[in-house]
2 protein chains.
Amino acid sequence: MKPLYRGLASATRRKASRFALETRLDAMTTRLKDVGEFGLIERIRRLLPGAPDVDVIVGIGDDVAVLETGGGSYLLATCDCQVEGVHFLWDTTTPFELGRKAAAVNLSDIAAMGGAPRWALVSLMAPQEILVESIEELYRGLGGALAEAGAVVVGGNTAKSSEGLIVDITLLGRVAPEHLLTRSGARPGDVAAVTGTLGDARAGLELWLRPESGVPEEEARTVKRRYTSPQARLLEGQCLGRCGAVHAMLDVSDGLLSDLRHMCEASGVGVELEVERVPVSPALPAVAAALKADALAWALTGGEDYELLFAVSEKDFPRVADQLLQETGTTCRAIGRFVDRDQGLRLILEDGRRSSFDAYAGGWDHFKAT
Amino acid sequence: MKPLYRGLASATRRKASRFALETRLDAMTTRLKDVGEFGLIERIRRLLPGAPDVDVIVGIGDDVAVLETGGGSYLLATCDCQVEGVHFLWDTTTPFELGRKAAAVNLSDIAAMGGAPRWALVSLMAPQEILVESIEELYRGLGGALAEAGAVVVGGNTAKSSEGLIVDITLLGRVAPEHLLTRSGARPGDVAAVTGTLGDARAGLELWLRPESGVPEEEARTVKRRYTSPQARLLEGQCLGRCGAVHAMLDVSDGLLSDLRHMCEASGVGVELEVERVPVSPALPAVAAALKADALAWALTGGEDYELLFAVSEKDFPRVADQLLQETGTTCRAIGRFVDRDQGLRLILEDGRRSSFDAYAGGWDHFKAT
């Protein structure tokens, strides 16, 4: 689409803005930073027309919409963006890596439903001055990561941005109805388990920003790769969806405590998390020590881990963990137990003391004032 | 997803950028503004893995992807964004109007395939300081426009933007395989026809930017509404898809000449366009006269018209036009004729002289240097 406005001379563009005026006049109204991301989503959900649609199996509130299109399997639809200056900087990523990461964050959402990714729409907003070769590298990374996962780019859109580069991907996938998992469904007594290790991505970003930290090269490379080149747990998600014993699943992208809170709220349960059981890589304590940082805090609240968090009944957990290892080579670990909602969300610390989740900063919120 | 980078102190963000360095060092490489939007899309298409996928009926190159999901009808998938400072300004639109327009431009793409819209994912990138009430108004407009068209919001994403507001919508729809129309399929001898009238949206924008022009109030209101509140031709598109006689269709969003060129290239044909047959509203000449502008140029190259352009055999055209009027109340007009490709793309001017399309500025390109 041609944006008419941009077709005109720039001199005509500088006018008093209605929006700016509104902002100045009405200092008493609510700003986005006051309600935060999840407050906004709740407000949006309430005001949208709630027309009952039997074909919408899961709508607003999960990371992925689940839609009935006939043909025996559900359609999955998710979108996630990478915004220059918010999600990435060009000094910590190459265009190729950015493309792979933009794909991976969406693939991870499909993985968390137990689904198989199929088709992507790529919306690119880029400044005029960017090198075409950089954009080509971005699409090479993106297309390659999708292809490895069995998905292809089928369309999209390109538009000029007023400042930095933004890539916004919508990913469509399929899942058999009997293999679908959502974030709701965890039951009191279920084990809370997580794949792989947590906290490396946060450690990796810290190292990109403080390269002179003196961390041994191998550990540094390991955690930096976890930040720039996340891998979606697709086979793992499909295995967990298929095994018939998992009750709820999501991917750890906002940070373990935040995502565990999301699962508890959606499932109507509480949780007890044993912090000493949270799995971390061998590299994490080494990096944290060199940077005089708290490895546990990174593991609990870091974010961008792209591991799978799931709820499974206690008796099935050993079998599920074994099947996951056999089929995918990936380990998982029980890190706590879901409890009744009125018991709340609690951490069991190394010394056995209990603490509320709120003792930690909690999850990431896009809009809250920081 | 929590963008890790944004979680850190802003002082650490200001570092020499790899990207900026690359831009400075390599002045010989190609910039986006040099290849333009369509050059970029062609480059992307060539480099993406071309894995044959029997379920992709129409992939990159049309405005809408067409996908086989089983269940008897095709899935349609399209995305289009509105970027502050590029597609809109807050002084020419309210948040409510922006929401409706963001929906309409996507609905129009589904209309052009003969389809019915069903589900939307809304990706919002917004500055922290924006009023929550403005975002709620945006979603009210967007949700209302979708509901009127039979579609619902099923998910999306919210993220912080570094500057202005961006709303990027992915719209999914359905179409019966036998009613699907694409931009390819026009045949030599076919009539080129268009619904409604062209050029008003451009006139409307000019009036927003020059409100003191002395245009009569009613005409001014008419054309300004065409710019701020476009209506997708959904019933018209479905009627044209169903009638069995239309060979190709697209929506006029880049400007008539540009979109006619797209249809000719996709169909492998040329065209002769009779400029005096191009339909314009009664308001258009009045506005153009007051602004000392060329109404015909606005109608030929304006853009954001969201009318439907279609190819239909000459013998069927009267029946199709009649059926369209009966079913939807919307008129259409034959504006030219498709010819063999080697005859090129020509205008027949008012005085009978012929001219190439290139005599006009042609279509909009997002990235070309202007």
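Tutor: Let's begin with a term: a residue is buried under 20% relative accessible area, exposed over 50% and partly exposed in between, using a 1.4 Å probe and protein chains only. By that rule B:Glu148, at 59% relative accessibility, counts as exposed.

Student: What kind of model is this, and how are residues and chains labelled?

Tutor: It is a predicted model, in which local features need pLDDT of at least 70 and side-chain atom pairs count only at pLDDT 80 or more, while totals for chains, interfaces and linings use all residues. Residues are numbered from 1 along each chain as its sequence is written, chains are lettered from A and ligands numbered from 1 in the order in which they are written, and side-chain values use heavy atoms, with hydrogens and water left out.

Student: How many helices and strands are there in chain A?

Tutor: Helices (H or I, at least four residues) and strands (E, at least two) are DSSP runs, numbered from the N terminus. Chain A has 11 helices and 13 strands. Of its 370 residues, 63% are buried.

Student: In what order do the six strands of the open sheet in chain A come?

Tutor: Two strands pair if DSSP finds at least two bridges between them. Here the order is β1-β2-β3-β6-β4-β5, with mixed pairing. β1 (56-58) and β5 (152-160) of chain A are the edge strands, each pairing on one side only. Within this sheet, β4 (residues 116-126) and β5 of chain A run parallel to each other over eight bridges; A:Val122, for instance, has A:Gly156 in β5(A) as its bridge partner.

Student: Which helix packs on the sheet?

Tutor: Contact means heavy atoms within 4.5 Å. Helix α4 (residues 132-148) of chain A touches β4, β5 and β6 (166-175) of chain A. For directions, axes are lines fitted to C-alpha atoms, for helices over the stretch in contact, and angles run from 0 to 180 degrees between N-to-C directions. The direction of α4(A) makes about 165° with that of β4(A).

Student: How should I read a salt bridge?

Tutor: Side chains of opposite charge can pair when their charged atoms come close. The rule asks for a side-chain nitrogen of Lys or Arg within 4 Å of a carboxyl oxygen of Asp or Glu. Over all chains, the structure holds 48 salt bridges. One of them joins A:Glu307 to A:Arg233, with the closest N and O atoms 2.8 Å apart. A:Glu307 lies in strand β10 (residues 307-312) and A:Arg233 in the loop between α6 (217-228) and α7 (234-242) of chain A, so this pair ties together parts 74 residues apart in sequence. A:Glu307 is buried, at a relative accessible area of 1%.

Student: Where do B:Arg202 and B:Glu206, which meet in a salt bridge, lie?

Tutor: An α-helix has 3.6 residues a turn, so residues three or four places apart point the same way. B:Arg202 and B:Glu206 are four residues apart in helix α5 (residues 200-209) of chain B, about one helical turn. Their N to O distance is 2.9 Å.

Student: What area is buried between chain B and chain A?

Tutor: The size of an interface is often given as the accessible area lost when the parts come together. Buried area is that loss (1.4 Å probe), summed over both parts. Here it is about 11000 Å², of which carbon and sulfur atoms give 63%. In contact are 123 residues of chain B and 123 residues of chain A. Six salt bridges cross the interface, including A:Lys33 with B:Glu129 at 2.8 Å between the closest N and O atoms.

Definitions and conventions:
Buried area is the accessible area (1.4 Å probe) that two parts lose on being put together, summed over both.
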